[in-house]
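Please view the sequence and the model together.

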Amino acid sequence: CYPEKVQGAVEEYAKRNPNADKGALALAADAAISGAVGKRFESVGDPTGRTQRGNDYFVMVAQSGSGKGDAMDLSKPLAEHEIECIEYWEANVKPRLEVEIEDLERTVKAKGAEAVSKEDRIEAKKEAAAKQKELSNPPRLILGKATGSATMERLKGGDETVFYRVEEGADSFRTLLGLHNQKGVADADVVLAAWSGQPINSDTISSGARASKDPCAAGWWAVQPSIWEEVLGNREARERGLFARILPYEVERKPYVADWEPVNQQPIDDYEKALRRLMGTPGNNGWEVKIPYSRGALEALHAFETGRIEPLLNDRAFGEAGRSIVLRMKEHTQRMALRWAAFEDSKEMTPDQVERAAEVVNYLVTRVLERINLAEERDRIDKVEKLEEVVSRLERETGKATVNDVRRSMSQSKAEVEQLVAENPDRLRIVEVRAANKGRPAQRIELVE
């Protein structure tokens, strides 16, 4: 399904390390393409009038020894490009800015015959401040952690783009979930907004007020299975839409293989050359390319939407978290097809690119939906068991367990408690008890014997 040059590079990387998973390597290559296209490529021609960029978030779930280092190497050209851009900036842009700032400051301070008008002096101050800000923000792209503060700092430079490249993603995800500090919600908001391209305003005591009008973030994280289980089990992560913006791939443990084959470097070079073309060259990477949908591409996208996405949305087996993931399948497919069109140097998106992208998205999403459903079922069981414990305790202590007393004990709404009881009629029931000569009946929850 992946572009031919990606498949070629993956085959050679797999020869270098036969224990690496080809699916995970292909995912890492797609993540690199996602980071390389940045804001430069955009889809046009959607009947809804919406445009899409090609950025996405990817997670490789794998134990040590599963080829995480090899997967990370597939995005090495992005890190090398960043270094080249900084070197170019240091040699060409920084000296020019310093001279221009000096000239503007001289204009502001000028007296006597060289003095300028008050209006010109104010304008020179503004221009000097803007250039000073530019001087403090060399072009950056790569970020090794996904905190809100680090993201906002990186978005200041260049064209407000960032590529998370994280070989050990435990700290990043724990921070996003608020497990390392009390600012987890803010961190998650920033990272999710950067994926969506929504304006971000951040104001913290340590960093002050910062904003990004048009962010664009892509990323690749590798995490251990135990960390991924922790993330899947976090209800807030599911409810906030974290999984709807991630394309995860879980590597299955295979028997260790000691053999290796000679590597043909040419397919790797071809892949890296195509990747570099997407990023341009230092000092010449601010262009934009609009890639239109062909008619066939739109038809393929519609077929995927009606043939796969719509039936999934009508499947009542999914909870809200699963539904939010399914609702993003079309967008993931559009983003993937766009970046593959850019990578393959297509003038328009083709039906083949959309169909291949849809196949990959469907495979990845189907697997994560299964995992989300299991996590939500565990949550439901935990809630029922907690409800039973609360009912038993209240009956022991007060002789009754009213709906209001139960909901207060569980910190849930009356509707949530009633729904939980209704979903488990074999374990719980609500009965109405009317006291003699008293008003409305009281609702009590009883355990089913």
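Which residues does tryptophan 220 touch, not counting residues up to four places away in sequence? In this predicted model, tryptophan 220 touches Ala28, Ala31, Phe58, Met60, Lys68, Ala71, Met72, Phe163, Tyr164, Arg165, Val166 and Glu167, where contact means heavy atoms within 4.5 Å.

Residues are numbered from 1 along each chain as its sequence is written, and side-chain values use heavy atoms, without hydrogens and water. Local features need a pLDDT of at least 70 and side-chain atom pairs one of 80 or more, while totals for chains, interfaces and linings use all residues. The predictor's confidence in each residue, pLDDT, runs from 0 to 100; the protein chain averages 86, and 93% of the residues score at least 70.

Tyr164 and Trp220 have the most contacts inside the largest nonpolar core, which has 106 residues. Such a core is a set of buried Ala, Val, Leu, Ile, Met, Phe, Trp, Tyr and Cys residues joined through side-chain atoms within 4.5 Å, buried being under 20% relative accessible area with a 1.4 Å probe, protein chains only. Helix α2 (residues 22-37) supplies the largest share of this core, eleven residues; helices are DSSP runs of H or I with at least four residues, numbered from the N terminus.

A second, separate core of 14 residues includes Leu387, Leu394, Val403 and Leu420. Leucine 420 lies in helix α17 (residues 414-422) and is buried, with a relative accessible area of 6%. Beyond its neighbours within four places in sequence, leucine 420 contacts Lys383, Val384 and Leu387.

Definitions and conventions. Buried means under 20% relative accessible area, exposed over 50%, partly exposed in between (1.4 Å probe, protein chains only). Helices (H or I, at least four residues) and strands (E, at least two) are DSSP runs, numbered from the N terminus.
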